[in-house]
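Please keep the sequence and the three-dimensional view at hand while reading.

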Amino acid sequence: MKILHVIESLEFGGAEMVVVNLANIMSEKHDVSVCCTKTPGQLKNKLNKEIKFYNFNLGEGFHLSI
């Protein structure tokens, strides 16, 4: 199964840690990707190497391009 987690950034925080932990666990059996809409953040380095990572670097505000 393909799974995509979308979050604003992977700066240190509660929701960010949940995304990293879920992605790492799910990547053992599934094709997992993580997408940050703002900045990668320091927790990006905690993702398993097989997880695909995307960063839109869009900054603040609403963006129809997403």
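At 54% relative accessibility, Asn57 counts as exposed, where exposed means over 50% relative accessible area, buried under 20%, and partly exposed in between, with a 1.4 Å probe and protein chains only. The model is predicted, so local features need pLDDT of at least 70 and side-chain atom pairs count only at pLDDT 80 or more, while totals for chains, interfaces and linings use all residues. Residues are numbered from 1 along each chain as its sequence is written, and side-chain values use heavy atoms, with hydrogens and water left out.

**Overall architecture**

- The protein chain contains 1 helix and 3 strands; helices (H or I, at least four residues) and strands (E, at least two) are DSSP runs, numbered from the N terminus.
- Read from the N terminus on, the order of the elements is β-α-β-β.
- The radius of gyration of the protein chain is 12 Å, close to the 11 Å that the globule rule gives for 66 residues, so the chain is as compact as a globular protein of that length.
- That radius is taken over C-alpha atoms, and the globule rule is 2.2 Å times the number of residues to the power 0.38.
- Along its principal axes, the C-alpha trace spans about 35 × 25 × 15 Å.

**Surface and contacts of the whole chain**

- Of the 66 residues of the protein chain, 33% count as buried.
- The chain exposes about 4600 Å², of which carbon and sulfur atoms supply 57%; accessible areas come from the Shrake-Rupley method with a 1.4 Å probe, and for residues only the protein chains shown count as cover.
- Among contacts with a separation of 6 or more, 48% join residues 24 or more positions apart; contact means heavy atoms within 4.5 Å.

**The nonpolar core**

- The largest nonpolar core has 12 residues: Ile3, Ile7, Leu10, Val19, Val20, Ala23, Val32, Val34, Cys36, Leu43, Leu47 and Ile51.
- Strand 1 (2–9), helix 1 (14–26) and strand 2 (31–39) are the elements that give two or more residues to this core.
- A nonpolar core is a set of buried Ala, Val, Leu, Ile, Met, Phe, Trp, Tyr and Cys residues joined through side-chain atoms within 4.5 Å.
- In soluble globular proteins, nonpolar side chains tend to be buried together.
- Leaving aside neighbours within four places in sequence, the core residue Ile51 is in contact with Ala23, Asn24, Ser27, Val32, Ser33 and Val34.

**Residues of helix 1**

- Asn24 lies in helix 1 and is buried, with a relative accessible area of 14%.
- Not counting residues up to four places away in sequence, Asn24 touches Lys46, Leu47, Asn48 and Ile51.
- Met17 also belongs to helix 1, but it is partly exposed at 28% relative accessibility.
- Beyond four places in sequence, Met17 touches Phe12 and Leu43.
- The C-alpha atoms of Met17 and Leu43 are separated by 7.6 Å, although these residues are 26 residues apart along the chain.

- Lys2 has its place in strand 1 and is exposed, with a relative accessible area of 71%.
- Lys2 and Val32 are 30 residues apart in sequence, and their C-alpha atoms are 5.9 Å apart in space.
- Glu8 lies in strand 1 and counts as partly exposed at 46% relative accessibility.
- Apart from residues up to four places away in sequence, Glu8 touches Cys36, Thr37, Lys38 and Thr39.
- Ser33 is found in strand 2 and counts as buried at 10% relative accessibility.
- Setting aside residues up to four places away in sequence, Ser33 touches Ile3, Leu4, His5, Ile51, Lys52 and Tyr54.

**Local features**

- Asn57 lies in the segment after strand 3 (52–55).
- The phi of Asn57 is near 50 degrees, a positive value in a residue other than glycine.
- Most residues other than glycine have a negative phi.
- Lys44 lies over the face of Phe53, at 5.0 Å from the ring centre; a charge sits over a ring if NZ of Lys or CZ of Arg is within 6 Å of the ring centre and within 35 degrees of the ring normal.
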